[in-house]
Amino acid sequence: MIPHSRPTLDADDAERVARVVRGGHIAQGPEVDAFERELAARLGVAAAAVVGSGSAALELAFRVLDVGPGAEVLVPSYACDALHHCVTRCGATPVLVDADPATLSLSADDARRRRTDRTRAAVVHHAFGLAVDLAAFAALGVPLVEDCAQALGAVVEGRPVGGHGRVAVGSFYATKMLTTGEGGVLAGPADLVARARDLREYDERPDLAPRFNYKMTDMQAALGRGQLGRLDGFIARRRAVAAGYRARLAGAPCRLPPAAGARHVFHRFVVQVDAPVDAVIARMAAVDVAARRPVFRPLHRALGLAGYPEAERLWATCVSLPCYPSLTDPEIDTVAAAFRRAMAP
């Protein structure tokens, strides 16, 4: 089976983690400190705080922006459930926004329509590796949380993603652009990052203000530092895989994602089809190639809401093909051939 996703790990990754284990300091420590400095430099921001997951980073982003009961947060419907959960854990109300057909992120026009006097933040995600221009969302007049979980390394207008919103968040899950197994980051101004660091751990504090255990370990950070050093190579290979698909699928009955230059790092290679998505996925699985819907189920469907036609259309037409640095050229051949057969009448 060619899996839909797999991490790119090597002997250096293993040695970095083993070195921490041999040193005996495995919890949050000097590797975390170094990883945070390196991430901040890569993102072009003042500071970064790493935490135990991307979801933890997103929740802390809302908390440092003082999002709480009575507030509303604009979030994309065509995205994972974590966005909804993180808003509600802060006591606020998620307001779903329809998708943009060009970027597959949220629609700036629909976000403006759904903004109210209670809106306190908006989450703008770079969907599937395609970076969007946050300037289109400036008219909302609320803090923008830039979700870089799928787009670390992408560049917009000469600047890396991560420095375009009020704060940025990222994920280092096993299938992301770089991995620490589980993990995440909140990045941005030093004062907001300092608040996130205060919230991520609760031990030995003079007060009982609510805090969390959202720390990252030095074992994870050591792995992340090695991965960050190879990120440019990972991106180059992802783009090569995407170019390989584009050549092999020329003329196929589907709509291919844009090349988009430095803006696209191809966390996913998402094609849009007219054939039934579940049937295409099943036919590919029958020949040992795993494809998936890029979003399991839009949030509006989980909540039984209507009024999100573009998110609904994307859910009904999008298929994500395997795309990761360790995918070989023969595997690209196999995936493309399986997809073409799956699309045949």
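**Reading pockets, strands and salt bridges**

User: How many residues line the largest pocket, and which of them lie nearest its centre?

Analyst: The largest pocket is lined by 34 residues, and Cys80, Asp81, Gln150, Lys176 and Pro294 lie nearest its centre. The general idea is that rolling a probe the size of a water molecule over the atoms shows where empty space is left. A pocket here is an open set of points on a 1 Å grid over the protein atoms alone, where a 1.4 Å probe fits and protein lies on both sides within 12 Å along at least five of seven lines; lining residues have an atom within 4 Å of a point. Before we go on: this is a predicted model, where local features need pLDDT of at least 70 and side-chain atom pairs count only at pLDDT 80 or more, while totals for chains, interfaces and linings use all residues. Residues are numbered from 1 along each chain as its sequence is written, and side-chain values use heavy atoms, leaving out hydrogens and water.

User: What volume does the largest pocket have, and which elements each supply at least two residues of its lining?

Analyst: Its volume is about 910 Å³, counted as the space filled by probe spheres set on the grid points. Look at α3 (54-64), α4 (82-89) and β8 (167-171): each gives the lining of the largest pocket at least two residues. Helices (H or I, at least four residues) and strands (E, at least two) are DSSP runs, numbered from the N terminus. Sorted by class, that lining has 14 nonpolar, 12 polar and 8 charged residues.

User: What about the second largest pocket?

Analyst: That one holds about 150 Å³ of space. It is lined by 15 residues, with Ala102, Leu104, Pro257, Pro258 and Val270 closest to its centre. The classes here are 10 nonpolar, 3 polar and 2 charged.

User: Val270 also belongs to β11. Why is strand β11 said to be largely enclosed?

Analyst: In β11 (residues 269-273), 5 of the 5 residues are buried, so the rest of the structure largely encloses the strand. Buried means under 20% relative accessible area, exposed means over 50%, and partly exposed is in between (1.4 Å probe, protein chains only). Both faces are covered: Phe269, Val271 and Val273 sit on one side, with Val270 and Gln272 on the other.

User: Which strands does β11 pair with?

Analyst: Two strands pair if DSSP finds at least two bridges between them. β11 pairs with β10 (residues 254-255) in the antiparallel sense over 2 bridges, and Arg255 stands opposite Gln272. It also pairs with β12 (residues 318-321), again antiparallel, over 4 bridges; there, Ser320 is the bridge partner of Val270.

User: How many salt bridges are there?

Analyst: Side chains of opposite charge can pair when their charged atoms come close. The rule asks for a side-chain nitrogen of Lys or Arg within 4 Å of a carboxyl oxygen of Asp or Glu, and the count comes to 29. Take Arg63 and Glu59, whose N to O distance is 3.0 Å. They are 4 residues apart in helix α3, so about one helical turn separates them. Arg63 is partly exposed at 25% relative accessible area, whereas Glu59 is buried at 1%.

User: Which residue forms a salt bridge with Arg200, and which network does Arg200 belong to?

Analyst: Arg200 pairs with Glu201, the closest N and O atoms being 3.8 Å apart. Arg200 is buried at 4% relative accessibility, while Glu201 is partly exposed at 21%. Through shared partners, salt bridges join Glu36, Arg197, Arg200 and Glu201 into one network.

How values were computed: Nonpolar A, V, L, I, M, F, W, Y, C, P; charged D, E, K, R; others polar.
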